[in-house]
Amino acid sequence: MELYDGSMDPNDHVSLFKSTLSYKGPSTSIMCQAFPLSLKSPTLKWFQSLLPQSHWLDLRDKFKPTFATRKKSELDKSRSIVDKARSG
């Protein structure tokens, strides 16, 4: 899994993170402890500025809007699908 640096869609990163860990069925506290392992600067600095999180959903809900400017628009997603279909 590529470390998140803030340049990608945060929703994609959260989905990838969850799917990477979900095969083990970790608790929400383990997800919170493992999440910074998926980050690199400057997103890691953002994480370190937070108070400790005990629940994954709280952390996820803070992460997504913080990096929402990197979120793919629906139009970008549609273009990507069309481009992939054209290239074959």
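Q: Where do the model and its residue numbers come from, and which atoms are used?
A: The model is predicted, with local features needing pLDDT of at least 70 and side-chain atom pairs counting only at pLDDT 80 or more, while totals for chains, interfaces and linings use all residues. Residues are numbered from 1 along each chain as its sequence is written, and side-chain values use heavy atoms, leaving out hydrogens and water.

Q: How many helices and strands does the protein chain have?
A: Helices (H or I, at least four residues) and strands (E, at least two) are DSSP runs, numbered from the N terminus. Here the protein chain has five helices and zero strands, so that from the N terminus on the order reads α-α-α-α-α.

Q: What share of the 88 residues in the protein chain is buried?
A: A residue is buried under 20% relative accessible area, exposed over 50% and partly exposed in between, with a 1.4 Å probe and protein chains only. In this protein chain, buried residues make up 25% of the 88 residues.

Q: Which residues of the largest nonpolar core touch the most other members?
A: A nonpolar core is a set of buried Ala, Val, Leu, Ile, Met, Phe, Trp, Tyr and Cys residues joined through side-chain atoms within 4.5 Å. The largest one has 14 residues, and Phe-35, Trp-56, Leu-59 and Phe-63 touch the most other members. The elements giving two or more residues to this core are helix H1 (10-22), helix H2 (28-34), helix H3 (43-48) and helix H4 (56-66). Contact means heavy atoms within 4.5 Å, and, not counting residues up to four places away in sequence, Phe-35 touches His-13, Phe-17, Phe-47, Trp-56, Leu-59 and Phe-63.

Q: Which residues of H1 are buried, and where do they lie around the axis?
A: The arc is that of the directions from the helix axis to the C-beta atoms. In H1, Pro-10, His-13, Val-14 and Phe-17 are buried, and because they cover an arc of only 100° around the axis, they are on the same side of H1. What covers these buried residues includes H2 and H4.

Q: Which residues of H4 are buried?
A: Trp-56, Leu-59 and Phe-63 are buried in H4; they cover an arc of only 65° around the axis, so they are on the same side of H4. The buried residues of H4 pack against H1, H2 and H3.

Q: Is Ser-38 buried or exposed?
A: Ser-38, which lies in the loop between H2 and H3, counts as buried because its relative accessibility is 1%.

Q: Is Gln-48 buried or exposed?
A: Gln-48 is placed in helix H3 and counts as exposed because its relative accessibility is 56%. Its C-alpha atom is separated by 8.4 Å from that of Pro-36, twelve residues apart along the chain.

Q: Is the peptide bond from Ser-41 to Pro-42 cis or trans?
A: Most peptide bonds are trans. The bond from Ser-41 to Pro-42, however, is cis, with omega near 10°, and Pro-42 is found in the loop between H2 and H3.
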